[in-house]
Amino acid sequence: MPKLYIETVGCQMNMLDSELVVASLRKDGYELAANAADADTILFNTCSVRQHAEDKIYSALGRLKNAKREHPDKVIGVLGCMAQKDQDLIFRRAPYVDLVVGPGQLHQVPALVREARTERRQWMEVSLGRTDGSRDEIERSHESFDPLRDPAMRPTPYQAFVRIMIGCDKFCTYCIVPSVRGPEQSRPPAAILAEARQLADEDCLEITLLGQTVNSYRYREGERTWRLSDLIAALHEIEGIARIKFVTNYPKDMTDDLLAAVRDLPKCSKYLHVPVQSGSNAVLKRMKRGYTVEEYREMLARAYDSIPGVAVTSDFIVGFCGETDEEFGETIDLVRDSRLKNSFIFKYSERPGTKGAELYADDVPEDVKRHRNNSLLSLQNKICEEDNEAFFGREVTVLVEGPSKTAEKHGDVGDRLQLTGRTNCDRIVVFEGSRRQIGRFLPVVVYDANAHTLFGEVVTEHVGPEVFSLALPLAAAESQKE
Ligand code: SF4
């Protein structure tokens, strides 16, 4: 059997793409290899959001130079956002790469791998750039790729990502996604529902709907326009699907109908990831985010008011072009006031090809970026710790995902081990349990917490006194023996 090694960098969208690429290559007889050395085909599914992610791929490619010289029949491919962004630059920097395939062309991977192996020449398949044709032509050149699922490639067999949109039309000045993932396009509801039913048949319990701005989902079908709330309501009806999440949200599209759906539909996780990026209106304007801090605060208040117990997380970019101490101070104020469940904090990294790189100098020194990153992180951690303490003594329902990181590190093999799972509001819970509990919903009582984890104990079913009342009086027991 030919062997495939795939390395994935980046977001959940990339993880899903890799799952689908693997599923399509398995149909061609491939099986997964544990490392690149054992593989006939080596694929990198790449990310372009930060320079660091690209550097990592180029150095991984550099390490394969000798392997390719010694085994010229190995096929090496670069897929995803960096392939779309750098195109033939990849061949110039690593001439032994066989395939460069953009995210809109992944359906071609099996055929391209076959061609590369038989024809021994390089292949590049990428989509049109944002100014290379009419909107229709550009949309068609970014084909969505969702035909096959492969449970073996999922985070766990009980959880799956489902793509409901591709692309983005927001054009935030720091972001490369609209160029590499193309125009915003919503997937037909019937295709999404069919995929969710298939996942339910494969015993998947939790689905996470994916889109760059997932709550901008709109699909026109005759007279009807499907919104995300309509789609969630339809998915809610599927037997077997027990939990529904969706990421990533755009603050301005957080409409009341969607908040009501999250509140009213029991399978809907009470969790919203809504990146704000900065607490300063001046910075948001330079980022071209399309909303003000006041509008974000209003959206947050609406979410907290309408959904009891909802957890909200956000992303922040620190050290964006021209960010002053005062502007960063406004971000600190926003974080202090917002009581977010968590914040994902990134130092600004200039991306060639974006408006930000063209218009503004990346002028905040690295040490200032690092300092701001650390300050925001320590404030957020303090808030996380305080808010997690409120869970002490509370019973939460957890979907058990598998062994905890500690159990994995120790290589625990027995039946009893430390497990990890998530609550309905996406908090991580660690507890002692049995392997048989993986993939089940369990009640857990929380007895401790740190900033990012709750620690608990599984609530065991009460075994009542009736068990003891079964003990028969000695005489009766003796007569039964006869
Ligand atoms: S909304 Fe902005 S940050 Fe998000 S993918 Fe679109 S352009 Fe990038």
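**Backbone features, helix packing and cavities**

Thr248 lies in the loop between strand β13 (243-247) and helix α11 (256-264); helices (H or I, at least four residues) and strands (E, at least two) are DSSP runs, numbered from the N terminus. The structure is a predicted model, in which local features need pLDDT of at least 70 and side-chain atom pairs count only at pLDDT 80 or more, whereas totals for chains, interfaces and linings use all residues. Residues are numbered from 1 along each chain as its sequence is written, and side-chain values use heavy atoms, with hydrogens and water left out.

Most residues other than glycine have a negative phi, and most peptide bonds are trans. At Thr248, the peptide bond that joins this residue to Val247 is cis, with omega about 0°. Asp203, which is not a glycine, has a positive phi near 70°. This residue is placed in the loop between α9 and β10 (206-210). Asp203 counts as exposed because its relative accessibility is 55% (buried means under 20% relative accessible area, exposed over 50%, and partly exposed in between, with a 1.4 Å probe and protein chains only). A positive phi is also found at Arg339, which is not a glycine either; the value there is about 50°. Arg339 belongs to the loop between α14 (325-338) and β16 (342-347). With a relative accessible area of 34%, Arg339 is therefore classed as partly exposed.

The packing of helix α9 was considered next. Two packed helices are described by the angle between their axes and the distance between the axes. Helix α9 (residues 189-201) packs with helix α10 (residues 228-236) at an angle of about 35°, and their axes are 10 Å apart. The axes are lines fitted to C-alpha atoms, for helices over the stretch in contact, and angles run from 0 to 180 degrees between N-to-C directions. The crossing of α9 past α10 is right-handed, a term for a near helix turned clockwise from the far one by less than a right angle. From α9, the residues Pro189, Ile192, Leu193 and Ala196 meet Leu231, Ala234 and Leu235 of α10, where contact means heavy atoms within 4.5 Å. This contact comprises 7 nonpolar residues, with no polar and no charged ones (Ala, Val, Leu, Ile, Met, Phe, Trp, Tyr, Cys and Pro count as nonpolar, Asp, Glu, Lys and Arg as charged, and the others, Gly among them, as polar).

Within α9, Ile192 is classed as buried because its relative accessibility is 0%. When residues up to four places away in sequence are not counted, Ile192 touches Val162, Arg163, Ile164, Arg187, Tyr217, Leu231 and Leu235. Ile192 and Ile90, by contrast, are 102 residues apart along the chain, and their C-alpha atoms are separated by 34 Å. Pro188 is located in the loop between β9 (185-186) and α9. Its relative accessible area is 32%, so Pro188 is partly exposed. Apart from neighbours within four places in sequence, Pro188 is in contact with Tyr217 and Tyr219. From Pro188 to Ile166, the separation is 22 residues in sequence and 12 Å in space, C-alpha to C-alpha.

Rolling a probe the size of a water molecule over the atoms shows where empty space is left. The structure contains 3 cavities of 30 Å³ or more, a cavity being a set of points on a 1 Å grid over the protein atoms alone where a 1.4 Å probe fits but cannot get out. The largest cavity has a volume of about 80 Å³, taken as the space filled by probe spheres set on the points, which are joined across faces, edges and corners. Of the 10 residues that line the largest cavity, Pro103, Gly104, Glu143, Ile166 and Arg181 are the closest to its centre; lining residues have an atom within 4 Å of a point. By class, the lining of the largest cavity divides into 3 nonpolar, 3 polar and 4 charged residues.

Two further helical residues were examined. Ser179, in helix α8 (residues 177-181), is partly exposed because its relative accessibility is 27%. Beyond its neighbours within four places in sequence, Ser179 is in contact with Gln84, Arg130 and Gly353. The C-alpha atoms of Ser179 and Cys168 are separated by 8.6 Å, and the two residues are 11 residues apart along the chain. Arg69 is part of helix α3 (residues 65-70). Its relative accessible area is 60%, so Arg69 counts as exposed. Although 27 residues separate Arg69 from Tyr96 in sequence, the two are 8.3 Å apart in space, C-alpha to C-alpha.

Notes
1 Å grid on protein atoms, 1.4 Å probe; cavity = no way out; pocket = protein on both sides within 12 Å on 5 of 7 lines; lining within 4 Å.
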